[in-house]
Amino acid sequence: MEIYVLVKQVPDPEALIKVKSDSELEIENKYFTNFFDEFAIEAGLKLKEKFGGKVTVLTVDNKKVDALRRGIAMGADDAIQITDPALEGSDQFAIAKALAAYLKDKPFDLILAGRQAMDDDAGIVGPAVAELLGIPHVNTILGLEVDDPKKGVKVIREVEGGKEILSCSLPALFTCQKGLNNPRIPQVMNVMKAMKAQIKKMDLAALGLSAADAGGQAAKIKVQKYLPPPKRLPVKMIKEDFPENVKTLVKLLREEAKVI
Amino acid sequence: MALDFTFTEEQEFFRQMVRDAVNRLIMPRVKELDEKEEFPWDLWKEFAALGYLGLRHEEKYGGMATDTISQMIFYEELARGSCGFAMAAIMQILMGTYFIALFGSENIKQRILVPAIKGEKIGTICFTEDQSGSDLGGTRTLATKVDGGWRINGRKQWITNGPIADFTTVMATVDPKLGLKGLNFYLVEKKTADRDGFTPGQRLHKLGSRCSVTGELVFDNVFIPDENFLGEQIGKGVQYAGDILNEVRIMTAMNALAIAKGAMEDARGYAKNRIAFGNPISKYQLIREKFAKYWAWYEVSWNYTYKCAWMIQNKITCTNECMLAKYHATEMCMYAVEEAMRIYGGNAFCTEYPPQRYWRDAKFLLYGGGTHEVLCDYLGRIFCKD
C-alpha cells in the first residue's frame with residue numbers, strides 16, 4: 001500500500017507562549033510532533049507491515065522538520081518537506097492546497113493525518129485535503145480494519161453514546177484519534193537513521209502553485225486578535241459562620257462568578 | 001567559529017527521542033521502581049529492545065557508535081527518570097563493556113559484547129574492595145600468571161549489577177607492593193557447572209538508586225584464559241582507568257544535573273501551588289533565592305560538563321576538568337536536593353512526595369568516580385603545584 005501521513009511540528013504543551021501583538025504570538029523554542037499525528041504514523045506503519053508498500057511522511061513547514069524525522073525514526077520510508085517563503089502566514093486552506101498539489105499525481109491508497117493539530121486545534125487540513133483531491137474522508141477514527149485493500153476498509157469512530165462503523169473505498173483520507181493504536185517508541189537504529197536522513201524539499205513552483213495561492217493574501221481565515229487566557233483571580237475567603245457563609249457563597253457564584 | 005555552544009539539529013532530535021522514550025517507559029514507574037528495590041527485568045527487556053545499550057559500540061557488533069556529546073545527552077535524559085535504572089543501564093553501556101570493546105578478542109566480542117548490547121547478558125566492572133575504592137593503588141585482588149592464563153583471587157564490593165551479572169571486568173594487581181603500577185583489567189565470567197568464574201556474594205540494601213542491584217563479587221582462585229587479559233601490556237591498567245574515569249566522571253555529573261533539575265522543577269511546581277500566609281510560597285523571597293542559586297549553579301555546571309564532553313570527543317586532555325565537573329555538578333546537586341526538601345516543608349519527610357527520593361538518589365553520586373575528599377585533595381595539590 002502507498003500511504004502518506006500528514007504531520008506537523010507544534011509547540012510543546014510546556015512551551016511558554018506570549019501574545020506579542022494582536023496578530024503575533026511569541027512561542028518558546030520547544031516543539032514536538034503533534035500528538036495525534038503519531039497515531040496516524042503508527043496506523044500507516046501497521047498497514048505497511050501487513051501489506052507491504054511504503055509510508056511517506058509529509059509536512060508544510062519552513063523551519064521545523066522534526067515531525068518528519070520522528071516519522072522516519074518510527075519506520076517511515078520517506079519524508080517530504082513543502083517549504084517556501086511565500087507560505088508564511090498561510091491559513092489551513094492554503095496548507096491543504098499545497099499538500100493536495102503534491103499528492104494529486106501520487107499513486108496513493110491512503111492518506112492519514114492526526115485528528116487536529118494541538119496548536120490551532122482547527123482540524124481543517126485533513127478533510128480539506130480530501131475535498132481538494134475528491135476522495136472520501138472519515139475523521140477522528142478509533143479503528144481501522146483492512147483485510148484486502150482492493151475491497152475497501154472498515155473504519156470505526158466514536159459517536160455520542162457508542163461507536164459508528166463505516167465501510168469506505170480506497171483511496172481515502174482518515175484523521176486519527178487517540179485510542180486508534182499505541183504508537184511505537186522508536187528504536188535507536190531508526191533514530192540514528194532519522195538523524196542522518198535527507199529530507200526532500202519541494203517549493204510552491206515545483207507543486208505548480210504560485211505565491212498568490214499561499215500566505216496572508218490567500219488566507220480565507222484572518223486572525224483578528226490574539227488574547228491571552230484570563231489570569232486566575234485571587235482566592236476569596238468567606239469568613240462568616242454557617243449558615244451565612246453558604247448564603248454568601250451562593251450569592252457570589254450567582255452574581256460575581258456567574259456560574260449558577 | 002571556534003567557540004560554539006550549539007547542539008546540532010541531529011543532537012537536539014536525539015535528545016527529543018530519548019526524552020520521549022524515558023517519558024513513556026520509565027517516568028510512570030519511578031516511584032514503584034524506588035519502592036520495590038528490585039531489578040526491573042521487564043523494563044530492562046523493553047529498554048534493551050530499543051537498542052540504546054549499544055550507544056558507544058561499533059555498528060558491526062550491533063552498536064550505534066555515537067559521539068561523546070550524544071552519549072552525554074542520553075545519560076542526562078535517562079537519569080531524569082529513575083537514577084537506579086540509569087545506573088544499571090549506564091553500567092552496561094559504559095563501564096561494564098568498555099574494556100571488552102577496547103581490548104577484547106573477536107571471539108570475546110562475539111560471545112560477550114554482542115549479547116550485552118542486546119541486553120541478554122549483564123555486565124559490570126569491579127574496582128572497589130573493602131579497603132580500597134578511590135584509592136586504586138590499595139587494590140588487593142590478586143592476578144597470578146599461570147600456564148595458559150591467570151588465577152584471580154579476591155573480593156570486590158559495591159558492584160552495580162553485581163548480583164545479576166553474567167560477566168565482569170575486574171581490576172586486579174599482579175603484586176600489591178607495586179601499587180598503581182601493578183594494576184590490570186581481566187574479563188571474568190560468572191561461575192557455571194562447566195566454567196570457572198566469580199560467584200555473587202552479599203547483596204547490599206541502599207539508601208537510594210534502589211532499583212539497581214548492588215553487591216559483592218567473590219573471586220576464589222578463578223582460572224581465566226590468557227585471552228581474558230584486557231590490555232596491551234601488563235601494568236598499564238592505571239592509565240586505562242584514567243581514560244574511563246574521565247567519562248565516568250562526566251557521566252556522574254550528568255546524573256547529578258538531571259537529579260538536581262528534576263528535584264527543583266518538582267519543587268517549583270509545589271511552591272507555585274502551596275499557599276502560606278495567603279500567597280503561593282514561590283512569591284516569597286527566601287524561597288525564590290533557593291531557585292535562583294540553584295539555577296545559577298546548575299547552568300554553570302551544565303555548560304562546563306558539556307565542555308568536558310566536547311574535550312573528550314576532540315581528544316583533548318581533560319582529567320582535571322572532568323574531576324572539576326564531577327565535583328561541581330554533584331555539590332550543586334546536593335544543594336538542589338537539600339533545598340527541595342526545605343521547599344516542600346514537612347511534606348518532604350513523607351515518601352508520598354518526591355523530594356526525599358531525589359535526596360536519597362543524589363547521595364549515591366558522591367562516591368563513584370572518586371569521593372569528593374579524594375578529588376579535592378588531588379585538585380588542590382595540582383592547583384598548588386605541590
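**Before you start**

Residues are numbered from 1 along each chain as its sequence is written, chains are lettered from A and ligands numbered from 1 in the order in which they are written. Because this is a predicted model, local features need pLDDT of at least 70 and side-chain atom pairs count only at pLDDT 80 or more, while totals for chains, interfaces and linings use all residues.

**Stop 1: chain A as a whole**

Select chain A. It holds six helices and 13 strands. Helices here are DSSP runs of H or I with at least four residues, strands are runs of E with at least two, and both are numbered from the N terminus. The C-alpha trace spans about 70 × 45 × 40 Å along its principal axes. Of the 260 residues of chain A, 40% count as buried. Buried means 20 or more other C-beta atoms within 10 Å of a residue's own; exposed means 12 or fewer; partly exposed lies in between, with C-beta atoms placed from the backbone.

Now colour residues 2-218, which are domain 1, and 230-260, which are domain 2. These bounds come from an automatic or database domain assignment. The C-alpha centres of the two domains lie 46 Å apart.

**Stop 2: helix α1 of chain A**

Select residues 35-51 of chain A. This is α1(A), with 17 residues. From first C-alpha to last it reaches 26 Å, close to the 24 Å expected at 1.5 Å a residue. The expected span is 1.5 Å times one less than the number of residues. Buried residues here include A:F36, A:F39, A:I41 and A:L45.

**Stop 3: helix α5 of chain A**

Go to residues 188-196 of chain A, helix α5. Its buried residues are A:V188, A:N190, A:V191, A:M192, A:A194 and A:M195. Show what covers them: the cover includes α2 (66-74) of chain A together with α1 (9-25) of chain B.

**Stop 4: A:D109**

Select A:D109, in the loop between α3 (92-103) and β8 (110-114) of chain A. Is A:D109 buried or partly exposed? It is partly exposed, with 18 other C-beta atoms within 10 Å. Leaving out residues up to four places away in sequence, A:D109 touches A:M1, A:E2, A:I3, A:P149, A:L170 and A:P171. Two residues are in contact if their C-beta atoms, placed from the backbone, lie within 7 Å. Check A:P149: it is 40 residues from A:D109 along the chain, yet their C-alpha atoms are separated by 8.1 Å.

**Stop 5: across to chain B**

Show where the chains meet. The contact takes 13 residues from chain B and 13 residues from chain A. The chain B side has eight nonpolar, two polar and three charged residues. Ala, Val, Leu, Ile, Met, Phe, Trp, Tyr, Cys and Pro count as nonpolar, Asp, Glu, Lys and Arg as charged, and the others, Gly among them, as polar.

Buried residues make up 47% of its 386 residues.

**Stop 6: strands of chain B**

Select β3 (149-160) and β7 (214-225) of chain B. They run antiparallel, joined by nine bridges. Strands pair if DSSP finds at least two bridges between them. Find B:G149, opposite B:P225 in β7(B). End at B:P200, which stands opposite B:L217.
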